[in-house]
Amino acid sequence: MSSGREGPARVTVTLVMPVLNEIAGLRHILPRIRRECVDQILMIDGGSTDGSVEYALEHGCEVHRQTQRGLRLAYIEAYEKIKGDVIVTFSPDGNSIPELLPALIDEMRKSHDMVIVSRYMPGATSYDDTPMTRLGNRAFTWIINILFGARYTDALVLYRAYRRSLPLELKITQIRSPRYEWWIGRFISWEPQLSVRCGKRRLTVGEIPGDEPRRIGDEERGRVLLPSSRIHHFKSGLACLYMFLDEFLRRHV
Ligand SMILES: Nc1nc2c(ncn2[C@@H]2O[C@H](COP(=O)(O)OP(=O)(O)OP(=O)(O)O)[C@@H](O)[C@H]2O)c(=O)[nH]1
Ligand SMILES: [Mg+2]
């Protein structure tokens, strides 16, 4: 079976895994990652207290403990520790299917700057979406396409691969916490901004279809959308909209 890395254009791959109390997911997912597909697994820990860090260390992962708030700053802090030519961001909460890694890396080797595992391409489904998140993800992807001349089917998903140098070239590593995120009280990750800036620069972005299974642990908890989760999604949406406006009005890249 292909690991996605054979051939003349062999690339080294770092799997970057943000984690905040995901022990149930890690137990299911880590054993399914074929180690010949990746050269380094770097877990970025947001302050887990459930044994996630210990489990990851025991299973051959490197761990960076983030000191600042939000996923973007977590990635920025850990950026220097990433050794691979290609970064794959991966959520070990069950949303990212490890068996798709070879196909993702294979597609990345076709001279793409970034490859997205799309939940909305024909043949793929998100089982984690609620009607609200589905509508939001699709509407925001459409807005990015219209404003920045891109053709994504899924511009927001975390599961994707890109050249290690891409966040530097797109100056994503220079963005700290914009003022609007402090006002809103929500610090968004860097994937939406990668999609926006790749669109602005007309970079080569590919997509492969990939289901998004439900978050591990939801079955036990029941699929209840808590009010706090709704507020959290609403704030993320608002922060994204501000970012789109800011990117549209200013020439950041
Ligand atoms: N290091 C770090 N990891 C985080 C943080 N917040 C969430 N994570 C992890 O990042 C991954 C993705 O987070 P989720 O909250 O599932 O994000 P999502 O699936 O895109 O969005 P939801 O629809 O809100 O669940 C999970 O493995 C989380 O444990 C954080 O502040 N720091
Ligand atoms: Mg998730």
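In which sense do E2 and strand E3 (residues 62-65) pair, and over how many bridges? They pair in the parallel sense, over 4 bridges. Strands and helices here are DSSP runs numbered from the N terminus, with at least two residues (E) for a strand and at least four (H or I) for a helix; two strands pair if DSSP finds at least two bridges between them. Within this pairing, Leu42 has Glu62 of E3 as its bridge partner. Between E2 and E3 the chain passes through helix H2 (residues 52-58), and this β-α-β crossover is right-handed. Right-handed means that, with the strands pointing away from the viewer, the path from the first strand over the helix to the second runs clockwise.

The model is predicted: local features need pLDDT of at least 70 and side-chain atom pairs count only at pLDDT 80 or more, while totals for chains, interfaces and linings use all residues. Residues are numbered from 1 along each chain as its sequence is written, with chains lettered from A and ligands numbered from 1 in the order in which they are written.

Strand E1 (residues 13-19) is joined to E2 by 6 bridges, and the two run parallel. Pro18 has Ile44 in E2 as its bridge partner. E1, helix H1 (residues 23-29) and E2 make a right-handed β-α-β unit. In E2 (residues 40-45), 5 of the 6 residues are buried, that is, 20 or more other C-beta atoms, placed from the backbone, lie within 10 Å of their own; 12 or fewer counts as exposed, and in between as partly exposed.

The whole sheet is open and has 7 strands in the order E3-E2-E1-E4-E6-E5-E7, with mixed pairing. Its edge strands, E3 and E7 (205-209), each pair on one side only. At the E7 end, 5 bridges join E7 to strand E5 (residues 114-118) in parallel, and Ser118 stands opposite Pro209 in E7.

Ligand 1 is surrounded by 16 residues, the closest being Pro18, Leu20, Gly46, Ser91 and Asp93. E1, E2 and helix H3 (71-78) each supply at least two residues of this shell.

Asn21, at about 55 degrees, lies in the loop between E1 and H1 and is partly exposed, with 17 other C-beta atoms within 10 Å. Arg202, also at about 55 degrees, is in the loop between helix H8 (191-200) and E7 and is exposed, with 10 such atoms within 10 Å.

Technical notes
A residue is near a molecule or strand if its C-beta atom, placed from the backbone, lies within 6 Å of it.
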